[in-house]
Amino acid sequence: MKNLLIASIILFAQTVTGQNLESVAGNWAGSIEITGQNLITEFTFSYHDNDLDGTVDIPQQMAFNLPVEFTRIEGDSLVFQFQTGTGAAVFRGELDSERMTISGTFHQMNMTYPFSIRKNDGESADQRSGQGGEELLIETRAGEISGTLRLAEKPAPLIVLLTGSGAQDRDETVAGFKVFGEMANLLYQNGFSSFRYDDRGVGRSTGEQDATLNDLSDDLLDVLAHLENEYADQVTHTILLGHSQGGLVSVISAVRKEVDGIIFMGAPFLRGDEIINSQIRTISEAQGIADDIVEQNLEFQERIYDVIRNADNWDEIEQDLYDRLESQINELPEQQREALGDMNSFIRSQINRQLSAAKTDWFKSFIEYDPAQDVRELNIPLLVLFGEKDTQVIFGPNREKAEELRDEAELMMQIVEIESANHLFQRANSGLPSEYGMLEKEFAPGFAEAIIEWLNSI
């Protein structure tokens, strides 16, 4: 699940919108050539409402999920950048639409180096994961879903992997950790089949990216229908494994179509607005943010929820956010203020960025959906995995809710706590998202064992 702290004010470079650039959305990888050495760069670009933005990972520098802003789009010329402690790091490149490459120069602190990145399509996903499998392109009512089917050597349960929120690739690559790539490999080694797929707008998958939870359930049901029709003789059971938001999509789908079980991997059992509020409290506490500031942010968050639920005007919220940003910018050193350019334009672009997620159909569906009623209806085996140090789907309140539902509805639910695990089920220190990229790219002890033991029991 992406970090949903809408009220947190983070200063980044100015965004400029441009023409229709849907083809740029997706995963890109390449390098910056610095004095004969290649600095690996991995980008995820997103396209929504005619805006292009994204994130960049630089694994060799332990930098992950740095927000990227596009500051100029003119024809095939693209300028995009991310902020560092010493100012903007800027990429000026040319898009080759035929080869799907962007090449040009990288600028930082008066130094210039060549860079080149290439878009990763669906066929290369398994090569990047070091895994085999069959590439599928499945027609859905909203477009096409691209994914990888990895079948066991003999008929076996099929586990369909569902990613968390945000534009995720089939490997669910987060801070350099290919969560579902590793999961698919783990399942295959233990005699199970799997199918994992790119979200809408990623790889070769198409469809409107601003999709509600029900829309994502529609995608899953179409995927399941295809797999059922084409591979029935190779599948003994169909199990859904939903990570974070993927758990919600699993529940919605399981009450619409019969499946043989669900694995909830760090998935919420509370309504979306409660999940976000608990994130704010937990992460703010870990970062040492004063209680009065936390309460102000929570109050601001509630105002956002009210606007969304009541379809009210955003003007008052935007003015409040403008005043907050202006106050913070005025406290910056003069050199940093000057680097931002025109203050009014910068603040307006930040307001658009800060509130863009909150204005989506997806966000409304997320904060309003309460999974409890649907979970009560599930008469199938359920495995619920929580990370002890998860700061995104907080262990305590979500476990309490899961236990309450299990006991009230007499569910076939097994609940397992993975000691010292974060939201990605790595062995963690603080559990904060900022730590993900610094940890070993492997699952915490007990996680894989719990899944395989449960699968073998059903």
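Start by selecting helix H5 (residues 272–286) together with helix H10 (residues 361–368), whose axes lie 5 Å apart and meet at an angle of about 90°. Helices here are DSSP runs of H or I with at least four residues, strands are runs of E with at least two, and both are numbered from the N terminus. Each axis is a line fitted to C-alpha atoms, for helices over the stretch in contact, and angles run from 0 to 180 degrees between N-to-C directions. H5 and H10 are therefore roughly perpendicular to each other, a label for angles of 65 to 115 degrees.

Now show the side chains where the two helices meet. H5 brings Gly272, Asp273, Ile275 and Ile276, while H10 brings Phe363, Phe366 and Ile367; contact means heavy atoms within 4.5 Å. By class, this contact has five nonpolar residues, one polar and one charged. Ala, Val, Leu, Ile, Met, Phe, Trp, Tyr, Cys and Pro count as nonpolar, Asp, Glu, Lys and Arg as charged, and the others, Gly among them, as polar.

A note before you move on: this is a predicted model, where local features need pLDDT of at least 70, side-chain atom pairs count only at pLDDT 80 or more, and totals for chains, interfaces and linings use all residues. Residues are numbered from 1 along each chain as its sequence is written, and side-chain values use heavy atoms, with hydrogens and water left out.

Next, select helix H4 (residues 245–254). Is H4 mostly covered or mostly uncovered? It is mostly covered, with 10 of its 10 residues buried, meaning under 20% relative accessible area (1.4 Å probe, protein chains only). Among the buried residues are Leu248, Val249 and Ile252.

Then go to Ser193 in strand E14 (residues 193–197). Ser193 is buried, with a relative accessible area of 1%. Which residue lies 42 places from Ser193 in sequence but 4.4 Å away, C-alpha to C-alpha? That is Leu151. Leaving out residues up to four places away in sequence, Ser193 touches Arg150, Leu151, Ala152, Ala156, Pro157, Leu158 and Ile159.

Finally, zoom out to the whole chain. Its secondary structure comes to 13 helices and 18 strands. The C-alpha atoms fill a box of roughly 65 × 50 × 40 Å, taken along the principal axes. Buried residues make up 53% of the 458 residues.

Note on methods:
Angles under 35 degrees count as roughly parallel, over 145 as roughly antiparallel, 65 to 115 as roughly perpendicular and the rest as oblique. Buried means under 20% relative accessible area, exposed over 50%, partly exposed in between (1.4 Å probe, protein chains only).
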